[in-house]
Amino acid sequence: MSNYVISTCTSADLSKEKFAQRDIKYCCFHYEMDGVPYPDDIWETMSLDEFYGRISKGADVKTSQINVDEFCNYFEQFLKEGKDIIHLSLSSGISGVSNSSAVAANMMREKYPDRKIYAFDSLAASSGMGLLVDKLADLRDEGKSIEELADFVENHKKEVQHWFFCSDLTAFIKGGRVTKTAGFIGTVMNICPLLHVDYEGKLIPMEKVRTKKKCFKRVVEKMEQYCKDGLNYSDKVFISNSYCEDDAKEVARQIREKFPNVKDIEIHNIGSTIGCHTGIGTTAVFFWGSERNPSET
């Protein structure tokens, strides 16, 4: 039994069962829907079907991050048990939550000087962050120390590759990430934007792909281009989706066909925090690959 906890937040887009199976702790983001606040508690307060059903009908949504006080209270429950903590936050290129966790960690170090508290900016998002904390759980189960896990995060977090596409531009238009004119043209021409998360943890549009079917093929090509060991890739792949599981399953099928040695492919739902921004129709693929660098932007 380790003397530390691995921790993240619900924006890692893993299921409650997965968090429990891997013994990964988590704290909850928040969101508002039509002016009513809710916790992103992995579909306890609001089901996946209701959430995306209301999104599809045009509900107004916005998210709010975990604040310093919440992090202090969350961390302290483990520190009181005599546990050390390694915590990964959603990328600073997407949210300011990593700063809040870092401030809280400093405050808790002063209060519990004998405890070790590592608070990392993951530079990852959705099940990409999930893939990273899952790897930490593997290392913990191998008997690695918290210091060894911290070194791994520092040295390898940029090796988590994120490639995703969206077949429904409604949320992108509503959020101002795509203009109404561009969105209209994209919808008419059946264009799906292909994006990734860059070395600074920011969402970057990379290509405009015409038809969803071609996007399936394109993300698999990106995996071949960037994954470690090429077609001999033998590690895990995580796929997340925002209410388009059939798309995720088709991408998984093509990955298995292309990469026969892949260790495992897990399909997860995009949770309410990320889903408020993607809307319906986003499929994301995460795998271990070459380190993200400025030349990829």
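Start with His30: its bridge partner in strand 4 is Pro39. Before going further, the ground rules. This is a predicted model, in which local features need pLDDT of at least 70 and side-chain atom pairs count only at pLDDT 80 or more, while totals for chains, interfaces and linings use all residues. Residues are numbered from 1 along each chain as its sequence is written, and side-chain values use heavy atoms, with hydrogens and water left out.

Two terms are needed at once. Helices (H or I, at least four residues) and strands (E, at least two) are DSSP runs, numbered from the N terminus. Two strands pair if DSSP finds at least two bridges between them.

Back to His30. Strand 3, residues 30–33, is joined to strand 4 by four bridges, and the two run antiparallel. Helix 2, residues 48–56, packs on the sheet and touches strand 3, strand 4 and strand 5. Contact here means heavy atoms within 4.5 Å. The direction of helix 2 makes about 50 degrees with that of strand 3. For such angles, axes are lines fitted to C-alpha atoms, for helices over the stretch in contact, and angles run from 0 to 180 degrees between N-to-C directions.

The sheet itself is open, with three strands in the order 4-3-5 and antiparallel pairing. Strand 4 (36–39) and strand 5 (61–64) are at the edges with a single partner strand each, so one side of each has no neighbour in the sheet. From one strand to the next, the twist averages 25 degrees.

Four strands form an open sheet in the order 2-1-6-7, and the pairing is parallel. Which strands stand at the edges? Strand 2 and strand 7 (117–121) do, each with a single partner strand, so one side of each is left without a neighbour in the sheet. Here the twist averages 25 degrees from one strand to the next.

Strand 6, residues 84–89, is joined to strand 7 by five bridges, and Leu88 has Phe120 in strand 7 as its bridge partner. Helix 3 (residues 68–79) packs on this sheet, touching strand 1, strand 2, strand 6 and strand 7, and its direction makes about 145 degrees with that of strand 6. Helix 6 (residues 146–156) also packs on the sheet, touching strand 1, strand 6 and strand 7, at about 15 degrees to the direction of strand 6.

Next, strand 8, residues 160–166. Are its residues buried or exposed? Seven of its seven residues are buried, where buried means under 20% relative accessible area, exposed over 50%, and partly exposed in between, with a 1.4 Å probe and protein chains only. Val160, His162, Phe164 and Cys166 point one way, and Gln161, Trp163 and Phe165 the other. Strand 8 pairs with strand 13 (residues 282–288) in the antiparallel sense over seven bridges, and Phe164 stands opposite Ala284.

Last, the helix pair. Helix 9 (residues 212–226) and helix 10 (residues 245–258) pack at about 45 degrees, with axes 10 Å apart. They are therefore oblique to each other; angles under 35 degrees count as roughly parallel, over 145 as roughly antiparallel, 65 to 115 as roughly perpendicular, and the rest as oblique. Among the residues that meet are Phe216 and Met223 in helix 9, and Val251 and Ile255 in helix 10.
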